[in-house]
Amino acid sequence: MSNLTRSPAWQALTAHHAAISKQTMRGMFAADPARFDKFSLQLDGLLLDYSKNVASEETLRLLLSLVRQSKLDDWITRMFNGDKINTTEQRAVLHTALRAPHGASVYTDGKDVVPDVLRVRDHMRRFCGAVRDGSLRGHTGKPLRDVVNIGIGGSSLGPQMISEALKPYASTQLNAHFVSNVDATDLIETLRPLDPETTLFIISSKTFTTQETLTNARSARTWLVNHLGSEDAVAKHFAAVSTNLAETSKFGINPDNVFEFWDWVGGRYSVWSAIGLPIALYIGMDNFERLLAGGHAMDQHFRETPFEKNMPVILGLLGIWYANFFDAASYAILPYDQYLQHFPAYLQQLEMESNGKRVDRDGHDVDYATHMVVWGEPGTNGQHSFYQLIHQGTRMVPADFLAPITSHNPLGEHHAMLLANCFAQTEALMLGKTEEEARAELVAQGLSGEALETLLPYKVFPGNRPSNTLLFDRLDPYTMGMLVALYEHKVFVQSVVWNINAFDQWGVEFGKQLAGKLLPELQGKQDASSHDASTNGLIKRFLAH
């Protein structure tokens with residue numbers, strides 16, 4: 001057994017699980033009318049209702065003992081202080097510094113990083129202002145109206161998710177597009193309707209060597225030059241977010257249009273940096289800074305609030321409760337807001353790339369689950385596909401429901417119907433439907449005898465399926481910032497308890513290495529017989545065509 005699983009706090013939770021798993025949330029609510037008040041938290045218009053969980057006050061006490069045992073308070077201090085807590089890469093983890101306000105100071109290696117952050121932020125403001133007001137124009141003198149972000153992973157998922165989420169705040173003069181897949185279809189279908197004279201490309205790659213991103217960037221460059229007839233057009237139609245000035249210059253990008261970021265910014269935590277340039281262009285720099293302010297508000301809450309009232313801590317511990325003690329293999333992100341359609345995909349990377357680890361910080365194999373599979377779709381679409389499994393399947397699937405009180409697009413009874421569905425689903429998952437209730441319902445419908453008894457088992461719902469609800473006033477930039485930072489810190493809480501490094505991704509790097517070896521073989525430049533029989537067979541099949 002690992003130190004974690006044999007620790008007193010873990011053992012106490014194991015014993016407690018055996019007892020509480022015999023209880024029902026239905027019974028818990030009946031026994032305590034004040035349960036919602038005890039199991040909900042609020043911050044700046046964001047409500048977290050976690051009362052619909054298989055958890056009691058004793059559960060929370062034991063979970064909090066687990067997190068205190070892990071010395072989370074020390075880890076929070078170390079992260080915010082710029083210590084190199086990403087030990088396998090010897091890097092600080094300072095995405096929180098990207099949200100720092102004027103006047104703040106954050107040090108790593110003896111240097112205050114905030115002045116550099118603010119300098120790049122000012123650079124973004126000038127550039128965004130010039131594009132948006134038309135003073136920065138393309139090669140033929142036309143204003144730039146289509147922004148195409150070329151990146152992958154954290155350089156694409158975050159900007160795309162937030163740009164879509166905050167579409168009501170976007171400029172009516174600009175369109176945002178995102179290309180990430182090296183499949184040429186992604187690039188070609190994006191470029192097909194665009195006018196090269198009014199298209200601005202942003203190439204997001206810290207090293208300017210990312211294979212997929214640079215392949216797409218070079219093809220986009222060729223498309224532009226072929227249409228506009230001059231290499232000089234590149235300087236007017238490309239910007240970059242990178243630290244490799246030599247390569248961006250070689251590509252033809254004006255150094256004034258290259259935006260810096262730093263090695264203490266992890267890719268999946270980088271949306272707050274210049275990686276967020278397409279967001280700032282799309283919604284304006286003022287709104288981008290409101291996004292940062294929302295993230296900073298959650299930082300302060302996480303850093304200063306006692307654990308028992310701390311949103312990221314509570315969310316993180318509940319995830320541990322289900323992953324490690326109920327053996328839940330996945331959990332669902334269910335936004336009841338169409339603008340949040342890309343939020344589940346964003347959290348897939350944030351959560352699974354961060355905590356999908358099998359070795360702890362001491363280099364030892366873990367003997368406990370370190371994360372669940374993340375998935376989801378916006379409601380009410382999901383209700384007509386996979387909710388069946390959540391309600392009546394054989395596996396527990398914890399779920400987070402997210403919904404705005406006020407819609408950006410009020411239309412008749414649409415929004416009331418949307419929220420009625422959202423609240424009904426969390427209630428149905430919690431309550432279920434007993435055999436007695438199902439029988440009474442069928443009798444009321446006129447069934448009896450063998451017909452009733454045959455149908456009855458199919459109408460029973462076990463209930464006791466856990467969910468959290470995040471309810472907010474309106475999906476605006478500040479709220480969006482709070483939500484993203486909330487999940488970032490939740491992931492960190494879990495990594496601390498599991499004693500893993502949430503900030504490296506060696507599995508991703510391994511795949512890149514193998515792809516780099518395979519590429520020249522698929523191009524016929526090297527012998528293709530050094531792999532296993534399956535891979536050799538696939539390569540030969542490709543080369544034969």
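These questions and answers walk through a predicted model.

Reader: What should I know about numbering and about what counts here?

Author: Residues are numbered from 1 along each chain as its sequence is written, and side-chain values use heavy atoms, with hydrogens and water left out. Because this is a predicted model, local features need pLDDT of at least 70, side-chain atom pairs count only at pLDDT 80 or more, and totals for chains, interfaces and linings use all residues.

Reader: Which residues have the most contacts inside the largest nonpolar core?

Author: A nonpolar core is a set of buried Ala, Val, Leu, Ile, Met, Phe, Trp, Tyr and Cys residues joined through side-chain atoms within 4.5 Å. Buried means under 20% relative accessible area, exposed over 50%, and partly exposed in between (1.4 Å probe, protein chains only). The largest such core has 125 residues. Those with the most contacts inside it are Trp264, Phe343, Met480 and Tyr487.

Reader: Which residues does Tyr487 touch?

Author: Contact means heavy atoms within 4.5 Å. Residues up to four places away in sequence are not counted. Tyr487 then touches Tyr331, Ile333, Phe343, Leu347, Leu350, Glu351, Asp400, Leu402 and Leu470.

Reader: How many residues are in the second core?

Author: The second core is separate. Its members include Leu191, Ala220, Ala233 and Val234. Its residue count is 23.

Reader: Are H13 and H20 parallel or oblique to each other?

Author: Two packed helices are described by the angle between their axes and the distance between the axes. Axes are lines fitted to C-alpha atoms, for helices over the stretch in contact, and angles run from 0 to 180 degrees between N-to-C directions. The axes of H13 (residues 285-304) and H20 come within 7 Å and cross at roughly 40 degrees. Angles under 35 degrees count as roughly parallel, over 145 as roughly antiparallel, 65 to 115 as roughly perpendicular and the rest as oblique, so H13 and H20 are oblique.

Reader: What classes of residue make the contact of H13 with H20?

Author: H13 brings residues including Leu291, Met298 and Phe302, and H20 brings residues including Met480, Leu486 and Phe492. Ala, Val, Leu, Ile, Met, Phe, Trp, Tyr, Cys and Pro count as nonpolar, Asp, Glu, Lys and Arg as charged, and the others, Gly among them, as polar. By class, the contact has 13 nonpolar, five polar and two charged residues.

Reader: Is the crossing of H21 and H22 left-handed or right-handed?

Author: The axes of H21 (residues 506-522) and H22 (residues 533-544) come within 10 Å and cross at roughly 40 degrees. Leu518, Glu521 and Leu522 in H21 meet Thr535, Ile539, Phe542 and Leu543 in H22. A crossing is left-handed if the near helix is turned anticlockwise from the far one by less than a right angle, and right-handed if clockwise. H21 passes H22 in a crossing that is right-handed.

Reader: Is Thr248 buried or exposed?

Author: Thr248 is found in helix H11 (residues 245-251). Leaving aside neighbours within four places in sequence, Thr248 is in contact with Phe208, Ala240, Ser242, Ile253 and Val258. Its relative accessibility is 1%, so Thr248 counts as buried.

Reader: What is the relative accessible area of Lys357?

Author: Lys357 sits in the loop between helix H15 (343-355) and strand E11 (373-375). Its contacts beyond four places in sequence include Val366, Thr370, Ile500 and Phe503. Lys357 is buried, with a relative accessible area of 14%.

Reader: How far apart in space are Tyr50 and Gly376?

Author: Tyr50 lies in the loop between strand E2 (46-49) and helix H4 (57-69). Tyr50 is buried, at 4% relative accessible area. In sequence, Tyr50 and Gly376 are 326 residues apart. In space, C-alpha to C-alpha, they are apart by 19 Å.

Reader: What is the phi of Asn499?

Author: Asn499 lies in the loop between H20 and H21. Asn499 is partly exposed, with a relative accessible area of 22%. Although Asn499 is not a glycine, its phi is positive, at about 60 degrees.

How values were computed. Helices (H or I, at least four residues) and strands (E, at least two) are DSSP runs, numbered from the N terminus.
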